[in-house]
Amino acid sequence: AEARYRKKVLAMKKMKKATQKAEGILNDESVPDGEKIKGIEKLIKKAAKRKKKDRVYVVSKRGPGGKEQTRAAIKAAKKKGGRVKLVDRRMRADTYRAKQRAKKGGGKGKKRKR
């Protein structure tokens, strides 16, 4: 509940700043009305937009000492900032390939003759 309240207060502050800037734009006589409207819309859109933190993916290590390496990687990722998501090697590779296929627009690959 506290975090939600903090987010709400932060959003209110942003909107208050945006309205003050909008009033400044409205009071400016040298700018035409069309530009004023566009400027205000831009301000409101920017104030309402929420910034997402980047997610850092940590691929779990295998073999002897794998747990320690994984923990160290998590610590380093947390220092960098953002959320940490632990994934296994196969999952990371699969999602990467799926994105590449979607970007390229390819299908499942070549069909083999038998």
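Residues are numbered from 1 along each chain as its sequence is written, and side-chain values use heavy atoms, with hydrogens and water left out. As the model is predicted, local features need pLDDT of at least 70 and side-chain atom pairs count only at pLDDT 80 or more, whereas totals for chains, interfaces and linings use all residues.

Helices and strands are DSSP runs, numbered from the N terminus (helices: H or I, at least four residues; strands: E, at least two). Helix α2 spans residues 33-48 and has 16 residues. From its first C-alpha to its last, α2 reaches 23 Å, close to the 22 Å expected at 1.5 Å a residue. The expected span is 1.5 Å times one less than the number of residues in the helix. Four residues of α2, K36, I40, L43 and A47, are buried. They cover an arc of only 60 degrees around the axis, which puts them on the same side of α2. The arc is that of the directions from the helix axis to the C-beta atoms. Buried means under 20% relative accessible area, exposed over 50%, and partly exposed in between (1.4 Å probe, protein chains only). On the other side of α2, the exposed residues are E35, I37, K38, E41, K42, K45, K46 and A48. The cover over the buried residues of α2 includes α1. Helix α1 runs over residues 2-27 and holds K17. K17 is exposed, with a relative accessible area of 59%. K17 and R97 are 80 residues apart along the chain, and their C-alpha atoms are separated by 43 Å.

Helix α3 covers residues 66-80, 15 residues in total. The reach of α3 from first C-alpha to last is 21 Å, close to the expected 21 Å. Its buried residues are G66, T70 and A77. They cover an arc of only 35 degrees around the axis, so they lie on the same side of α3. These buried residues pack against β1 (55-59) and β2 (83-87). The face of α3 turned away from the buried side carries the exposed residues E68, R71, K75, K78 and K79. After α3 comes G81, whose phi is positive, near 105 degrees.

T70 is buried, with a relative accessible area of 9%. T70 touches V58, S60, K61 and L86, not counting residues up to four places away in sequence. Contact means heavy atoms within 4.5 Å. A polar atom of the T70 side chain lies 2.8 Å from the backbone oxygen of G66. R71, by contrast, counts as exposed at 54% relative accessibility. R71 and S60 are eleven residues apart in sequence and 8.8 Å apart in space, C-alpha to C-alpha.

Rolling a probe the size of a water molecule over the atoms shows where empty space is left. A pocket is an open set of points on a 1 Å grid over the protein atoms alone, where a 1.4 Å probe fits, with protein on both sides within 12 Å along at least five of seven lines; lining residues have an atom within 4 Å of a point. The second largest pocket has a volume of about 200 Å³. Its lining consists of Y57, K85, V87, M91, R92, T95, Y96 and K99. Both β2 and α4 (89-104) supply at least two residues each. The largest share of this lining, five residues, comes from α4.

Technical notes: Polar contact = N/O pair within 3.5 Å; in protein donor to acceptor, adjacent residues only side chain to side chain. Points joined across faces, edges and corners; volume = space filled by probe spheres on them.
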